[in-house]
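Hi,

Here is the structure I promised to pass on. My notes follow below it.

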Amino acid sequence: MNEIEKYISGMLRPGIAALKPYSSARDEFTGAASVFLDANENSLGGPLEEDFSRYPDPLQMPLRQALASLKSVEPGQIFIGNGSDEAIDMLMRAFVEPGRDNIVLLPPTYGMYSVQANIHGAEIRRAPLHTDFSPDADAVLSVSDVHSKLLFLCSPNNPTGQCLPEDFILEMLAKFPGLVVIDEAYGDFSGRPSWTTRLAEFPNLVVMQTLSKAWGLAGLRIGMAFSNAFIINALNKIKYPYNLNSMTIRLALQALQQPDSVQEKVRILLAERERLEQALPLLPCVEKVFPSDANFLLVRVTNADDIYRYLCAQGIIVRNRTKEMHCLNCLRITVGTPGENDLLVTALLEVREEEK
Ligand code: PMP
């Protein structure tokens, strides 16, 4: 084991470090053959026209290769999950010993980190963002200890929409005792370089991304974690062998060949975000539109509960975030199509006096 492997291996849950993974039929034989009698599938096929009778590739090699060349990393540095939510789950399973370890969050942030921590019996420590949604480095370090295994930094952050500053993230990478997980689910909208470009510098860095947002493939369920090969091997060792289905793998491979169409849609959504950023503050029921690096806006309104209900009655669903820390009377609004955004603005313009 090299130094990095020793360091990471010391952070893994003991049972996971020692685990001998399940070996599927498709793991054991990887060469070329024409007769597959090794996985108890139905050799006659299924009722559908397209053939789904065979188990998918557990290592997802062609997809990992396509992602590797798109993201300029090695295939061995990529874990692919059933959405990036699966990557959150696998990180907890691999590193957080129930009842002993803790994770650190910067609320308000993405809700799944705390849900997964609760499922895994991990203590949650919180270092809230300031009221302007900037991070507090001293607070993070003061709540952390040797049992702090994962620090989740969502950048751009959900629900605030803002990226965390680079100097703050660098300080965390230097001083946080466990792994620093940067969730870049909305990174394609930020125009900033991904932290995947700095993986070689930081053995404790994990970057999460997803095809659910800018790539417009939320229904296919594909998320990624990028890190050094040792961490990625640990995640691959504990995932379900066939966590991605054949259809998803095939369609994702097709989609990855069309990055230009994604860029074009991102460009349109960013123009629409700017249009909303200008239109919303002019409305009587809007008090503040927070700056956003993502495909949504956090908007403080006069009364979030009433306006949320009013919009629902108009058939327009947004996310009411009023109960989240520092988000009193805030709605999180996804940037829609130009037509959807027009409908939203028109509806908000017509909010009745009593709803303001
Ligand atoms: N991270 C963040 C910050 C998110 O907002 C979401 C989805 N809302 C996810 C991860 C999960 O995305 P998925 O599982 O679709 O990849």
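To start with classes: Ala, Val, Leu, Ile, Met, Phe, Trp, Tyr, Cys and Pro count as nonpolar, Asp, Glu, Lys and Arg as charged, and the others, Gly among them, as polar. On that basis the shell around the ligand holds four nonpolar, five polar and four charged residues.

This is a predicted model, so local features need pLDDT of at least 70 and side-chain atom pairs pLDDT 80 or more, while totals for chains, interfaces and linings use all residues. Residues are numbered from 1 along each chain as its sequence is written, and side-chain values use heavy atoms, without hydrogens and water.

Of the 13 residues around the ligand (a heavy atom within 4 Å), Ser84, Asp183, Tyr186, Thr210 and Ser212 come nearest. As for polar contacts (N or O pairs within 3.5 Å), a ligand oxygen is 2.7 Å from a polar backbone atom of Ser84. A ligand oxygen also lies 3.2 Å from a polar backbone atom of Asp85, and one is 2.9 Å from a side-chain N or O atom of Asn158.

Now the fold. Strand 2 (residues 102-105) runs parallel to strand 4 (residues 148-154), joined by three bridges; Val104 has Leu151 in strand 4 as its bridge partner.

Best wishes

Definitions and conventions:
Two strands pair if DSSP finds at least two bridges between them. Helices (H or I, at least four residues) and strands (E, at least two) are DSSP runs, numbered from the N terminus. A polar contact is a pair of N or O atoms within 3.5 Å; within protein, one must be able to donate a hydrogen and the other to accept it, and residues adjacent in sequence count only if both atoms are side-chain atoms.
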